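Here are my notes for you to read alongside the model. Keep the 3D view open and check each point as you go.

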Amino acid sequence: MSVSGETRIGRNYVEGLRQKFPAAVIDEAWQTADQVTVTVQLGSLPEVVEWLYYDQGGWLSVLFGNDERPLNGNFAVYYVLSMEGLVKSWVVVRALVDPIAQEFPSVTPRVPAAVWGEREVFDMYGLRPIGIPDERRLVLPDDWPEGLHPLRKDSMGYRDRPAPTTDTETYKFINDSKGSTTDVPLGPLHITSDEPGHFRLFVDGEDIIDADYRMFYVHRGMEKLAETRMGYDEVTFLSDRVCGICGFTHSVAYTTSVENALGIKAPPRAQAIRSVFLEVERLHSHLLNLGLASHFVGFDTGFMQFFRVREKSMTMAELLTGARKTYGVNLIGGVRRDILKDQRTATIKLCGELRTEVAALVDMLLETPNLAQRTAGIGRLDPKVARDYSPVGPLVRASGFKRDIRADHAYAAYPGLPMEVHTADGCDVLSRVLIRAKEFFDSINMIEYALANMPEGPILIEGFDYQPHRFALGFAEAPRGEDIHWSMTGDNQKLYRWRCRAPTYANWPPLRYMLRGNTVSDAPLIVASIDPCYSCTDRVTLVDVRKQKSTTVAYKEFERYGRERKSSPLK
Amino acid sequence: MFKLFKTILKAGEATTKYPFAPFPVSPGFRGKPELDPTQCISCGACTIACPANALSMGTDAQAGTRTWELFLGRCIFCGRCEEVCPTHALALTPEFELAVGRREDLFQRATFKLEPCAECGQPFASHKEVDYALALLVQSGLPAEEAEAQRTHLATCPACKRKQNLADPSKVALGPYINKGML
């Protein structure tokens, strides 16, 4: 889409770049009024990203590689910065990587937030980030053959599975502690969310000195699947299934990315409907997390009550979309299902009930002495660490940053909805719980307001032209942070590249710093406080640094200890 | 503490009697897709629309049949099939109790007879699809006898039609081009 010069939001960043790094900027291309892709010299990539990040109020939303050899002979890396300084816009820094050298200068030493993304670029494309402090694999398993990089266009089909190269786990967990510690493996499934992830806690007695973890045990290869097997319109339904909780947010992010790339504007009524469904999703997700918060401080009655009330938000989803989860409502250019009068009346009634019932439950939870005792000052995310790692959602808001994509880059119908970005300065588990509780009531208000002020008109645009090799960003604020999708259309009605980043991806790297200095019994709480979204483990390994001894603790036992804090499994 | 007890008391019994009593779902709930084979013309639109590849269409040229197949194990209940079906043969039902003991029970099939080409005898489209095309002509105002006269033409496979048209230019169907003002 061509964007005329005057309406471009974020011109100042590009002009600033041209002034500060006159030799670096090669090209700029505008995808929408507030999205610009700036191609820079490979050598100045770290400086450019650092300047935008720290000097101009940017946050690193996602970074990814792309195999553009069939298009221009090179690989490319893209660093997506959400500019949240004076002017709110998106700046994507792109650099071409030589197909022979296959190297690029790492940004991680200057901007730590880039670490996971650069490790993934190496796994998926074999492009080596020079100077990255952590060169381990991120996504690929230990038994994956060296030199096979699945997202390269010439590497493999989505169905192929290479033969395993090793039977043993070769992954090295990083331990930065000075003294000796004990290893506490927590995993392969997480304790709160019952999803796979391997945590290694390095403890001295009861204190966590350092922690490392490994995810991607259930990497589903969705990006490869979307690029090779599915049509671009069918990917909408695949994106619905990225997450079992915030799937609709992903499908909104995906459809807007394609809409932005092709210059399609979904009708206002469709936008309003999207906003309503997004908030319905937030309702049930926040209630789930509030329930789990109760559970983990030993207030199981609260857990039961939250889950009982949560059922009303599930009914609301079923009523409005025809399914409790995976709404399947989005299409490129709008939505498939209108909200009719009966549904509206029933939803507004449910909203009222939810408001009173949850208000009572939240009061009760806050009055429970356990809550403050167990969560205040626990799992501190230092604002400095938060600034360095670009976490998202209630996690970053609880550390004092006013980041919410619904406000910063308002999409769907959010510009016209009554909302407030809640922040807290506690930086701890308690603040995150409180922010979720506040957001819950905001969501109810927004649903009611949107239903009362629904614009008239069509809900779906039809008859647009598909153009290959267009790309743009799409985004949506999920209950646990922003979902960012970057789509590039390709030949044959298929995506050339789809990068989908779920919010928890951005929240894992700083977790290590949140665990440090807490006790083992706090670990499940801290992990749960980021409301993680992955598949979980039922065991934990504890490593005693002093005794050089490793213990594996059954999940039930670890969870029990987290709640009762009696008879430590370490003794 | 007292408030908590009051809440619990007020909540009463939250569990339902399911599976001993039916579990109601909201109107418009998207459950198992159901095919009405009498309406289906086996055009295959649903198999193209299905994002999950749960629907497929297989042709057995030897037997002269075409089989529509739904594999519920893949179905994501999105309802795209329902949207694209030209004859409303396929619709989602509120049915959600789909667990089965054997994998084979997750398949549903409907077999349709193919129409042999009037010229070469090779099956090319389903019998019902040809009927449907004729019915559409009648519906749009063509007298029934004239439509019936077109049957042989409609029941000819595209390859044979092309050959026929080569031999006799007067048989070339120019209608659509004239309507669009392209000639």
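1. Some ground rules. This is a predicted model, where local features need pLDDT of at least 70, side-chain atom pairs count only at pLDDT 80 or more, and totals for chains, interfaces and linings use all residues. Residues are numbered from 1 along each chain as its sequence is written, while chains are lettered from A and ligands numbered from 1 in the order in which they are written.

2. Start with the five-stranded open sheet of chain A, in the order E1-E2-E5-E4-E3 with mixed pairing. Helices (H or I, at least four residues) and strands (E, at least two) are DSSP runs, numbered from the N terminus; two strands pair if DSSP finds at least two bridges between them. At the edges sit E1 (25–32) and E3 (58–68) of chain A, each pairing on one side only. From one strand to the next, the twist averages 20 degrees.

3. Now look inside that sheet. E4 (residues 74–84) and E5 (residues 88–97) of chain A are antiparallel partners over ten bridges, and Tyr78(A) has Arg94(A) in E5(A) as its bridge partner. Helix H2 (residues 45–55) of chain A packs on the sheet, touching E2 (35–40), E3, E4 and E5 of chain A. Contact here is C-beta atoms, placed from the backbone, within 7 Å.

4. Next, the three-stranded sheet: it's open and antiparallel, in the order E13-E14-E15 (chain A). E13 (471–478) and E15 (495–501) of chain A each have a single partner strand, so one side of each lacks a neighbour in the sheet. E13(A) pairs with E14 (residues 481–489) of chain A over eight bridges, and Phe475(A) sits opposite Ile484(A) in E14(A).

5. How do H10(A) and H15(A) pack? Helix H10 (residues 341–367) and helix H15 (residues 429–452) of chain A meet at about 160 degrees, with axes 10 Å apart. Axes are lines fitted to C-alpha atoms, for helices over the stretch in contact, and angles run from 0 to 180 degrees between N-to-C directions. That makes the pair roughly antiparallel (the label for angles over 145 degrees). Residues in the contact include Leu354(A) of H10(A) and Phe441(A) of H15(A).

6. Finally, chain B. Gly12(B) follows H1(B), with a positive phi near 65 degrees.

Terms used. Angles under 35 degrees count as roughly parallel, over 145 as roughly antiparallel, 65 to 115 as roughly perpendicular and the rest as oblique. Two residues are in contact if their C-beta atoms, placed from the backbone, lie within 7 Å.
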